[in-house]
Amino acid sequence: MAPGPLRRRKGPGGHADPPPVPCSPSSSSSSSLSCSSSSSSPRWSSGLTLYLVERRMGRSRRAFLSGLARAKGFRVDDAYSPAVTHVVMEHTSAAQAARWAQQQGGTQGGTQEGTQGGPPILLDITWFTDSMAAGRPVPVEGRHQLGVPLPSAEIGTDYSMPAYACQRRTPLNHHNPRLTEALETLAEAAALEGNEGRSLSFRRAASTLKALPGPLTRLSQLEGLPYCGAHSRGVIQEMLEDGASREADGVRQSDRFRAMKLFTQIFGVGVKTADGWYREGLRTLGDLRERGKKLTRMQEAGVRHYEDLKTPVELSDVEAVRRVVEEAVLQVLPGANITLTGGFRRGKRHGHDVDFLITHPEEGREAGILPNVMSCLESQGLVLYQHTQENHYCTPKAMAQPASRTNTMDAFERCFSILRVSRPSPGVASRGPPRDWKAVRVDLVVTPASQFPFALLGWTGSQHFERELRRFSRQERKLILNSHALYNPEKKTFLPAASEEEIFRHLGLEFIPPEERNA
Ligand code: 8DG
Ligand code: CA
Ligand code: CA
């Protein structure tokens with residue numbers, strides 16, 4: 001095959017690749033490229049080494065792509081070695097990628113994959129083209145991942161799995177990302193149409209696949225697995241046979257899905273508002289402005305910081321937020337404790353926001369601190385938006401009433417905010433002049449010490465894991481669990497707990513650590 005510019009092809013998730021980077025093909029040597037190349041390595045390049053697998057890509061195309069990446073400041077090795085952190089493959093299925101990793105041997109290790117010294121991360125070409133278009137490595141999403149070089153097991157036909165997600169371990173990196181991404185797209189689309197039941201069916205099927213010990217390669221392996229209904233099976237079958245799901249691809253390309261996703265990504269915009277705007281013919285943020293749509297204060301902030309908020313929060317941002325929040329909290333309430341929850345506690349390296357729980361060993365001292373904490377942050381010019389709410393908790397019994405049962409909102413004192421977070425290198429802004437800060441969504445939740453283990457469990461997620469824990473408690477143990485307490489409605493008694501482990505024990509469940517709650 002002749003070397004050529006990046007082809008536009010559909011990725012495993014059906015996304016069209018970003019436009020090719022304007023650059024003429026050249027030889028494989030980085031020194032003879034026609035693209036402009038900066039002489040000094042960019043900051044992000046340290047610790048990142050790419051290796052492009054020739055099989056299915058072709059020699060000349062591999063040479064061209066390697067050169068292109070080098071010209072953009074990426075380190076690309078021609079030979080595979082333990083120094084490689086990112087392996088890029090084309091036209092390769094997850095199962096084939098897993099076999100390739102096995103053939104290289106020694107891919108397992110204690111270090112996190114995709115970092116030096118750890119096993120490499122196996123990526124589809126879409127990650128490469130996205131990164132070339134961005135001019136830097138983009139965060140790895142499910143649709144980019146071909147597989148994880150984890151020790152994987154063959155799923156025998158006698159394999160079975162417990163029904164509730166809280167009864168099983170679900171790692172962050174699993175063996176079936178392309179299948180789960182198709183199912184989750186359909187789940188998201190159903191939720192955007194207000195069809196929660198349909199959405200849940202797809203989510204449950206995706207969650208089942210995430211917990212599998214190896215790649216699913218045959219439909220017969222679904223026997224004995226929970227919640228893989230006819231529709232989900234059909235999607236999985238198509239993915240296994242054709243490598244793509246027409247339904248998921250169709251959804252992703254639909255005008256309605258794109259607009260609904262864009263609108264609901266605005267902080268403060270729910271499905272109902274987004275649907276209203278769509279029906280009025282609006283499709284973009286520009287349309288909102290042009291039509292002079294009346295927005296709430298929260299939505300206004302969401303639109304103002306849209307670009308920043310849709311850029312993933314990174315671990316370095318989490319540390320920066322922790323520093324300023326901790327300082328403010330300790331100034332207002334010495335001796336308070338701040339704990340990271342949400343996706344980052346589950347081991348995620350990117351997220352849409354940062355979640356913190358605040359408590360104090362002496363119960364009652366924590367009450368009402370948030371207004372002062374926020375004033376402290378405001379005086380430093382760090383608050384771009386905030387909405388604080390007082391604690392309105394009464395009893396878990398009241399929380400268990402039908403009106404509260406349907407939503408997961410609890411009654412803690414809390415603040416939904418957007419903070420201005422320093423970043424070491426300028427250039428975060430995709431429009432306008434470069435700046436050394438980024439707007440980051442931060443959730444602060446204040447809990448009395450006696451409720452801390454319940455709040456920690458409730459706010460660590462994943463959302464599906466939480467939903468399953470509550471369902472398991474209700475259906476299997478006749479207990480009501482929320483982020484405040486565990487309650488026995490028959491005996492009208494509370495089951496106190498001093499740790500998450502104790503809550504699992506009360507429920508008769510094996511303890512699942514946060515990193516394995518990625519259901
Ligand atoms: P992400 O931000 O990286 O996208 O993922 P995440 O951290 O898992 O999601 P999240 O939307 O920040 O939610 C974190 C957890 O907190 C999740 O399990 C859902 C839960 N949660 C809310 N709101 C509320 C609430 O009002 N009460 C309780 N108990 N939990 C809540 O998001
Ligand atoms: Ca979060
Ligand atoms: Ca959150």
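Biologist: How are H4 and H8 oriented to each other?
Modeller: This is a predicted model. The axes of helix H4 (residues 177–192) and helix H8 (residues 255–264) come within 10 Å and cross at roughly 75 degrees. An angle of 65 to 115 degrees counts as roughly perpendicular, so H4 and H8 are roughly perpendicular.

Biologist: Which residues in H8 are met by Thr-185, Glu-188, Ala-189 and Leu-192?
Modeller: Thr-185, Glu-188, Ala-189 and Leu-192 belong to H4. Their partners in H8 are Arg-256, Phe-257, Met-260, Lys-261 and Thr-264.

Biologist: Why do the rings of Tyr-51 and Trp-100 count as a stacked pair?
Modeller: Their centres are 6.3 Å apart, and a pair needs centres within 6.5 Å. Planes under 30 degrees apart count as stacked. The pair of Tyr-51 and Trp-100 is therefore stacked, as its planes stand at 25 degrees.

Biologist: How many residues apart are Tyr-51 and Trp-100?
Modeller: Tyr-51 is in strand S1 (residues 49–52), and Trp-100 is in helix H2 (residues 94–104). The pair links distant parts of the chain, its members being 49 residues apart.

Biologist: Is Trp-100 buried or exposed?
Modeller: Trp-100 has 13% relative accessibility, and the limit for buried is under 20%. Tyr-51 also has 13% relative accessibility and counts as buried. Trp-100 therefore counts as buried.

Biologist: What is the angle between the planes of Phe-504 and Phe-511?
Modeller: Phe-504, at 1% relative accessibility, is buried, whereas Phe-511, at 25%, is partly exposed. The two rings lie 5.1 Å centre to centre. Their pair is edge-to-face, a class for planes over 60 degrees apart, and the angle here is 80 degrees.

Biologist: Which residues do ring pairs link into a cluster?
Modeller: The stacked pair of Tyr-51 and Trp-100 belongs to this cluster. With Tyr-80 included, the cluster consists of Tyr-51, Tyr-80 and Trp-100.

Biologist: How far does Arg-283 lie from the ring centre of Tyr-278?
Modeller: Two arginines can be described here: the charged end of Arg-204 sits over the ring of Tyr-227, 4.7 Å from its centre. Arg-283 lies over the face of Tyr-278, and its distance from the ring centre is 3.7 Å.

Biologist: In S4, which residue is the bridge partner of Val-87?
Modeller: S3 runs parallel to S1, joined by 3 bridges, with Leu-52 bridged to Val-88 in S3. S3 also pairs in the parallel sense with strand S4 (residues 121–124), over 4 bridges. There, the bridge partner of Val-87 is Leu-122.

Biologist: Which residues point the other way from His-86 and Val-88 in strand S3?
Modeller: His-86 and Val-88 point one way from strand S3 (residues 86–89), and the residues on both sides are buried. Those pointing the other way are Val-87 and Met-89.

Biologist: Leaving aside its neighbours within four places in sequence, which residues is Thr-493 in contact with?
Modeller: Thr-493 lies in strand S15 and is partly exposed, with a relative accessible area of 34%. Outside its sequence neighbours within four places, Thr-493 is in contact with Leu-486, Tyr-487 and Asn-488.

Definitions and conventions:
Residues are numbered from 1 along each chain as its sequence is written. Chains are lettered from A and ligands numbered from 1 in the order in which they are written. This is a predicted model: local features need pLDDT of at least 70, side-chain atom pairs count only at pLDDT 80 or more; totals for chains, interfaces and linings use all residues. Side-chain values use heavy atoms; hydrogens and water are left out. Rings of Phe, Tyr and Trp (its six-membered ring) pair if their centres lie within 6.5 Å; planes under 30 degrees apart count as stacked, over 60 as edge-to-face and the rest as tilted. Helices (H or I, at least four residues) and strands (E, at least two) are DSSP runs, numbered from the N terminus. Buried means under 20% relative accessible area, exposed over 50%, partly exposed in between (1.4 Å probe, protein chains only). A charge sits over a ring if NZ of Lys or CZ of Arg is within 6 Å of the ring centre and within 35 degrees of the ring normal. Two strands pair if DSSP finds at least two bridges between them. Axes are lines fitted to C-alpha atoms, for helices over the stretch in contact, and angles run from 0 to 180 degrees between N-to-C directions. Angles under 35 degrees count as roughly parallel, over 145 as roughly antiparallel, 65 to 115 as roughly perpendicular and the rest as oblique. Contact means heavy atoms within 4.5 Å.
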